[in-house]
Structures are given as C-alpha cells and as structure tokens.
Amino acid sequence: MQLREHVPLAPYTTLGLGGPARYFCECASEAELREALALARQREMRVQIIGDGSNVVFADAGFPGLVVKVTVGGVAFRDAGDAVVVNAGAGVEWDLLVREAVERGCTGIECLSGIPGTVGGTPIQNVGAYGQEIADTLVAVTCLERQRLTRVVLTRDQCEFAYRDSRFKRGDRDRYVVLDVTLRLRRGTAPQLRYAELEQAVRQRLDLEALDAGDAVRVVRKTVLELRRRKSMVLDPTDPNARSVGSFFVNPVLSTDAFDDLVRRWRTSGGSEAVPTFPADGRVKVPAAWLVEHAGFAKGHRHGGAGISTRHALALVNVGGTSAELLALARSIERAVHQRFGIRLEREPVVVEYEG
C-alpha cells in the first residue's frame, strides 16, 4: 500500500470537485485495506472510502483524514444449472461487468447499463434504473468490518434493501467496506421490460419476442445506453452535463395521505396538470424531477459555477464552480420543493464535510 499526502480529490470524482485529501491510498486487496484501516486507527484519522467517485461530493477544503480508493478486481462467471453466478471485486467498473454479462447472454442487470461507478457501490444504495435494481439479482456481499477488521458475508435479506436504500446507508453506515459482490443471473431467458419509457423505446426498434434471449438482452442494453446518453447520464468527457453525480435527489415514495396533501398544495397553487406517479408497493412514487421543475428550477438553471443539467432536472452539474456553490444550489432546490409541496427531498450522493 502506497500512502500519498495532499492529493487533490477533484480528479477522483465525476463532479471534478473537492480539495486535497490529507492522505490518500489505493487498495487492490483485502490485505491492503486492512493495512490502511489499521494505520488510520493508529493515527486516529477519519476514513472515507471511494470507488470511482461517482456518488460523492467532497468539500472545497478537501478531507483531513485518509481517503481510500478501493480497486479490488476480479470477475468470475460460474454456471449453476439454468443460472449463472457472478462474483466481482468491489473495484471493478460496474458497466464493464454489465457489458460482459450481456455479451454472455445473461439477463438480470442489462437495464443497469451505463451507470457510472464500481461494483462495490451498487449494494450500498441498491442501485437501480429502468425497472431493475441490484437487489433483484444479488446473492451476497462480502465485506470487511472496519472496527474489528473481520470478513463478513451478508446475504441479500441481511442487506435490508429498500428503494435506493440498504442497511449500509442506515444503522451500518460506515461500518463495512465492500470487498466483492455475488450475483445470480438468468441464462437463456428473455429480458423483462418493467419501465414504460424503456419498453416503448425497445418496441419502436423491433419485436423482442422475435429474437433469441441473447440478442434480445443486447438490444435492451443498447437501448438503455441510448436513453441514458440523451439525458447525459453516461460518463462522457465531451459532455459538460456529465460532470455530475447522476441523479442528485431520490424520487420520494409517499403514503396515500402525503400524496393527497401534495395534490392539494399543487391545485391550490394553480396547478392544473395531473401529478405524475408510479406504483410503489402500496405507496405512491413521485418523480423528483417533476417536483424540482415545478418548484421553479428548470433544466439549464445556473447558480454561479453550478447548475442543473440541460437534459435532466435531477442532475446538478459542475460548470466551473465549487462544491459550496453546488451544495448551495441543492439547498435552494430542497427549500423550494418543501415550501411548495411539503416534501423534503432526499439526496442520493454522499456529501463529505471537511470537519477539520
């Protein structure tokens, strides 16, 4: 393990923001992670774990402790009857894993194509898109418990998954470092389309039922990538909208009473169109992008060196500014949505304060 000092964090994030880390290291193995965490404990330093930095906002002052970039690699596919079991290291680029699975004709994660980040980050927030989420296929997560430096294997049920949520974001926040993830994918099974936008886009292209399962899953991946690219939701250094952490806010899931209150507020303020919704296990999911735009923040809005993507209202982008400007814009949006609709938006990315 090589320990470096005063390392700028901006190049290690998709936002391109953040000051220097007091210490920084990359860990490609469990042994190196143990060494890094033991060193941090010895020196009484805060530790921040990152993958590709696609879901983190560092302060402009940087981080006064140790930033650990997990680069644990390795991917293995194993036949298991009519399924394929995949084990991937936490540092593997997520979309590379999806691409390989699709090329092998495996279904189960094709709708998660194009999502930036590494494998290790997917179970933490139960990554999902276009009707799929990691909880659908996850078998187990192997972790390193940070205090005792012991290896722990958590099953799918033990991860306590919910919509964009897991135990890793709640009571066990910062307790574990993910080492690898095991998934169970289907083989020879046609992909299931559960998201209206994706289904419509695929059917405009061709009839999936006329294709074999392998060709069908490749079509779905290609279509998902096209949809994400139109929204600047894939990493592209030539696209200024791509300097983001993807969706900054989670779609609120409301009780029936809370949704009725939202509708009343909307009608009272003069709104005439119907509030868009999605079913959510007996509750009501409302698009956060709709709330943001109808609270007065249109695509392309600018706040100093930060702004809202011209292609997606949920993506806050760095347009040559600072983390402080980006977070000020986020707070302005949160206040406006709460004042108009009575809803408190939840942030998706991890915001790391300096606390020096």
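Colleague: In this predicted model, is Asp136 buried, exposed or partly exposed?

Modeller: A residue counts as buried under 20% relative accessible area and as exposed over 50%, with partly exposed in between. Asp136 has a relative accessible area of 40%, so Asp136 is partly exposed.

Colleague: Which residue forms a salt bridge with Asp136?

Modeller: Asp136 sits in the loop between strand S10 (132-133) and strand S11 (138-145), and its partner lies in the loop between S13 and helix H3 (196-205), 58 residues apart. The closest N and O atoms of the pair are 3.4 Å apart, and the partner, at 49% relative accessibility, also counts as partly exposed.

Colleague: How many residues apart in sequence are the parts tied together by Lys69 and Asp52?

Modeller: The side chains of Lys69 and Asp52 meet in a salt bridge, at 3.4 Å from N to O. Lys69 counts as buried at 13% relative accessibility, whereas Asp52 counts as partly exposed at 31%. Because Lys69 lies in strand S5 and Asp52 in the loop between S3 and strand S4 (56-58), the pair ties together parts whose separation in sequence is 17 residues.

Colleague: Which strands stand at the edges of the open sheet of 4 strands?

Modeller: The order in this sheet is S1-S2-S5-S3, with mixed pairing, and within it S2 (residues 20-27) and S5 (residues 63-70) pair in the parallel sense over 6 bridges. Each edge strand has a single partner strand, so one side of each is left without a neighbour in the sheet, and these edge strands are S1 (4-8) and S3 (47-50).

Notes: Residues numbered from 1 in each chain as written. Predicted model: local features only at pLDDT ≥ 70, side-chain atom pairs only at ≥ 80, totals over all residues. Heavy atoms only, no water. Pairing = 2+ DSSP bridges. Helix = DSSP H or I, 4+ residues; strand = E, 2+ residues; numbered from the N terminus. Salt bridge = Lys/Arg side-chain N within 4 Å of Asp/Glu carboxyl O. Buried < 20%, exposed > 50% of the residue type's maximum accessible area, 1.4 Å probe, protein only.
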